[in-house]
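Please look over the sequence and the model shown here before reading the report on selected parts of the fold.

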Amino acid sequence: MKTKTAPEIFLEKEKCLAAYEWFKKAEAGKSPSWLASYRDEAIARFRDQSFPTVHDEAWKYTSLEPFAKLAFRPVYRNDSGRINSHAVKNLLGKAPGPRLVFINGLYAPLFSSTAGLEGNIKMVHLGASWNSEGRLAERSWFPQENVRLEIFADLNSAFLNDGMMLQLPENFLVKTPLECVYLTLPENQKLVSYPRNLIVAEPGSSAVVVERYLGLGGNPYFTNAVTDYVIREGASVEAYRLQKETRQACHISSTRVSVGRQSRFVFFNMDFGGRLVRNHLSVVFSEEGGECDLNGLYLAGEGQHIDNHTVIDHLKPKGTSRQLYKGILGSRSRAVFSGKIFVRQDAQKTDAAQKNKNLLLSSDARVDTRPQLEILADDVKCAHGAAVGQLNEDEIFYLRSRGLGVKEAKKVLTYGFAHEIVDKVGLGAVKEELEHWLEDRLESVAHKEEK
Amino acid sequence: MLEIRDLHVKVEGKEILTGIDLKVNAGETHAIMGPNGSGKSTLARVLAGHPSYEVTKGEVLYNGKNLLELAPEMRAREGVFLAFQYPTDIPGVSNVYFLKSALNAIRAHKGLEEMDALEFLDFIKEKIKTVEMDESFINRPVNEGFSGGEKKKNEILQMAVLEPRLSILDETDSGLDIDALRIVAAGVSQLKSPERSVILVTHYQRLLHYIVPDFVHVLMGGRIVKSGGKDLALQLEAQGYDWVKEGAHRK
């Protein structure tokens with residue numbers, strides 16, 4: 001990189017465009033030409049849009065205001081000595097299997113390992129693979145861009161620099177979970193990173209994929225992540241997205257899934273961290289058959305705002321989609337759920353069910369939930385619903401009558417509410433981890449309510 | 001063990017209990033009978049500390065302590081147990097987790113060490129045999145999807161695990177078939193000891209064939225209008241409640 005450091009980025013269009021010019025110059029000659037034009041096209045789309053405000057329908061309940069004036073700096077070189085601290089080591093632990101770690105958006109070989117990678121699985125970091133694997137990225141990415149114009153995804157594409165590329169070979173059933181971790185360490189400055197993942201499950205393949213988003217340190221930072229899943233015919237992917245950023249973080253993500261013929265996508269989106277979180281999920285049934293099972297759990301405590309926008313698009317017949325998102329909201333927290341299901345004219349025999357349930361633990365918590373169906377086909381089975389409730393007094397009394405204190409009773413019931421999702425988690429290690437997270441967070445959320 | 005003096009209770013502004021006097025000594029079994037709407041369940045729930053009832057007059061002493069001042073969980077930790085007429089479902093919380101938390105809360109109160117997961121599992125597997133429930137119920141969410149009879153047996157299982165000093169059974173017999181009734185009765189009988197007392201709230205005499213009470217009380221219009229020995233229950237079964245009512249009016 002040039003001697004000058006990269007310019008700071010605000011949530012201001014002009015600043016972003018200026019930063020892009022700098023980035024483009026710095027990258028000149030280093031990237032293959034397709035990537036350069038890919039970035040150029042992304043910034044062109046970006047230029048035609050504006051950062052959303054609460055006056056935009058899709059952002060009505062989520063304001064970027066708290067982060068709008070903050071200057072974030074991208075990192076183009078990590079100081080490996082500094083990141084090798086005990087705190088980082090403790091946080092990352094030992095790799096349970098093949099794992100790629102990115103710190104401040106850059107590949108961190110020290111913490112990564114692809115030992116034990118089965119068969120011919122391709123699991124590489126993009127930064128080193130543009131020349132060898134560029135074709136796969138090129139082939140897999142471009143169709144996805146049509147899914148939805150999303151300004152943050154375009155920004156991610158424009159500044160695309162590193163991330164994980166995963167290709168599961170045809171008819172190969174991967175046993176070990178494959179993991180990527182994005183850790184941000186905003187020690188002395190406010191940082192921005194653009195995590196990017198591409199997972200291609202070739203026909204008949206199967207795997208479990210885990211994405212983690214973590215942070216350490218007291219400064220605000222901005223994670224703008226994009227993950228694309230291409231699930232080809234007959235393939236099956238179980239994907240976990242575990243978001244546990246610091247409470248100073250702004251986390252915005254786009255997950256775009258293409259569900260192929262008779263393929264299966266199971267998704268768990270777990271939001272425990274972040275101050276301002278906005279997740280976009282788009283699942284497109286572009287071929288006949290196929291199924292998805294989307295599960296979400298968000299737990300917002302004091303000052304947290306967690307927004308999930310999901311779109312399930314049935315373009316072709318005989319697709320099955322299931323969605324259950326559950327939220328727990330503590331004192332002075334806010335959540336948004338907007339779930340849209342499209343059943344297009346051609347998508348006969350679609351079977352879609354969507355549910356969003358929210359538990360408010362405090363009278364000053366707020367949730368806005370909007371499940372929406374748009375059906376153009378006539379022979380379909382669709383159901384959707386939303387619920388917002390509080391803990392049930394009879395249930396609390398029942399537990400108290402057996403000796404549990406009020407706080408413990410509330411904790412147990414809240415845990416029970418979350419368990420509908422946790423119980424579905426197939427990966428033992430993740431399930432155990434989630435139980436710990438819940439235990440930990442419910443303790444503090446319940447504690448707040450005692451006062 | 002328990003002494004209720006002139007207890008008046010309101011719910012939603014309406015007076016349901018209009019002056020209850022009752023004394024239960026350690027080791028005794030009392031049956032409280034009465035027609036529907038007489039206030040039997042209200043009495044049971046007030047003793048357990050249900051928050052929707054307002055005590056307007058009177059007092060309840062439990063082992064010398066003012067029971068009404070204790071939070072529901074403190075009553076439970078001090079050994080009061082209510083078997084609910086309509087046990088509540090607790091979705092997502094397994095029986096084993098629930099019971100372990102409850103038992104450990106009570107043990108902590110008594111200054112005893114917590115029971116760990118493995119120890120507790122052995123313990124509950126023994127207990128569940130006594131109510132003739134399948135072991136699979138241990139891991140099922142509390143009462144969720146249980147049949148009426150299974151819920152009642154689950155209440156008795158909880159009672160067996162928590163070993164209360166004062167057990168109050170609120171119409172535990174209603175809706176049970178003969179087998180379930182026998183199991184419930186056996187569960188209660190097993191717990192009987194000179195230190196433990198039982199209050200059976202029931203509409204019918206049926207349960208009293210299996211658990212023979214020392215005293216039978218008739219509750220009507222929010223008051224105990226007649227008390228007697230176990231024969232009173234037989235008389236009630238043969239003649240209904242009307243004669244008591246007439247007798248009470250004449251008094």
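## Basis of the report

The model is predicted, and every value given here is computed from it.

## Contact between chains A and B

The contact between the two chains draws 19 residues from chain B and 18 residues from chain A. On the side of chain B that touches chain A, the elements giving two or more residues are the helices α2 (72–77), α3 (95–109) and α5 (148–162) together with the strand β7 (90–94), each of chain B. Sorted by class, that side of chain B holds 12 nonpolar, five polar and two charged residues.

## The four-stranded sheet of chain B

Another open sheet in chain B consists of four strands in the order β2-β1-β4-β5, and its pairing is antiparallel. Here β2 (14–24) and β5 (65–66) of chain B stand at the edges with a single partner strand each, so that one side of each is left without a neighbour in the sheet.

Strand β1 (residues 2–11) of chain B pairs with strand β4 (residues 54–62) of chain B in the antiparallel sense over seven bridges, and B:Val9 stands opposite B:Val55 in β4(B). Helix α1 (residues 40–48) of chain B lies across β1, β2 and β4 of chain B, and runs at about 70° to β2(B).

## Strand β10 of chain A

In chain A, 11 of the 11 residues of strand β10 (residues 221–231) are buried, and the strand is therefore largely enclosed by the rest of the structure. A:Tyr221, A:Thr223, A:Ala225, A:Thr227, A:Tyr229 and A:Ile231 point one way from β10(A), whereas A:Phe222, A:Asn224, A:Val226, A:Asp228 and A:Val230 point the other way, and all are buried.

Strand β7 (residues 191–193) of chain A pairs with β10(A) in the parallel sense over three bridges, with A:Thr223 as the bridge partner of A:Ser193. Strand β8 (residues 196–201) of chain A is also parallel to β10(A), paired over six bridges, and A:Ala201 has A:Ile231 as its bridge partner. Strand β12 (residues 249–259) of chain A pairs with β10(A) in the parallel sense over 11 bridges, and A:Tyr221 stands opposite A:Ala249 in β12(A).

## Helices α8 and α9 of chain A

Helix α8 (residues 393–400) and helix α9 (residues 406–422) of chain A pack at an angle of about 120°, with their axes 9 Å apart. The two helices, α8(A) and α9(A), are therefore oblique to each other, and α8(A) passes α9(A) in a right-handed crossing.

From α8(A) the contact is made by A:Glu395, A:Ile396, A:Leu399 and A:Arg400, and from α9(A) by A:Val406, A:Ala409, A:Lys410, A:Val412 and A:Leu413. By class, the contact of α8(A) with α9(A) has six nonpolar, no polar and three charged residues.

Terms used: Residues are numbered from 1 along each chain as its sequence is written. Chains are lettered from A and ligands numbered from 1 in the order in which they are written. This is a predicted model: local features need pLDDT of at least 70, side-chain atom pairs count only at pLDDT 80 or more; totals for chains, interfaces and linings use all residues. Two residues are in contact if their C-beta atoms, placed from the backbone, lie within 7 Å. Ala, Val, Leu, Ile, Met, Phe, Trp, Tyr, Cys and Pro count as nonpolar, Asp, Glu, Lys and Arg as charged, and the others, Gly among them, as polar. A residue is buried if 20 or more other C-beta atoms lie within 10 Å of its own, exposed if 12 or fewer, and partly exposed in between; C-beta atoms are placed from the backbone. Two strands pair if DSSP finds at least two bridges between them. Axes are lines fitted to C-alpha atoms, for helices over the stretch in contact, and angles run from 0 to 180 degrees between N-to-C directions. Angles under 35 degrees count as roughly parallel, over 145 as roughly antiparallel, 65 to 115 as roughly perpendicular and the rest as oblique. A crossing is left-handed if the near helix is turned anticlockwise from the far one by less than a right angle, and right-handed if clockwise.
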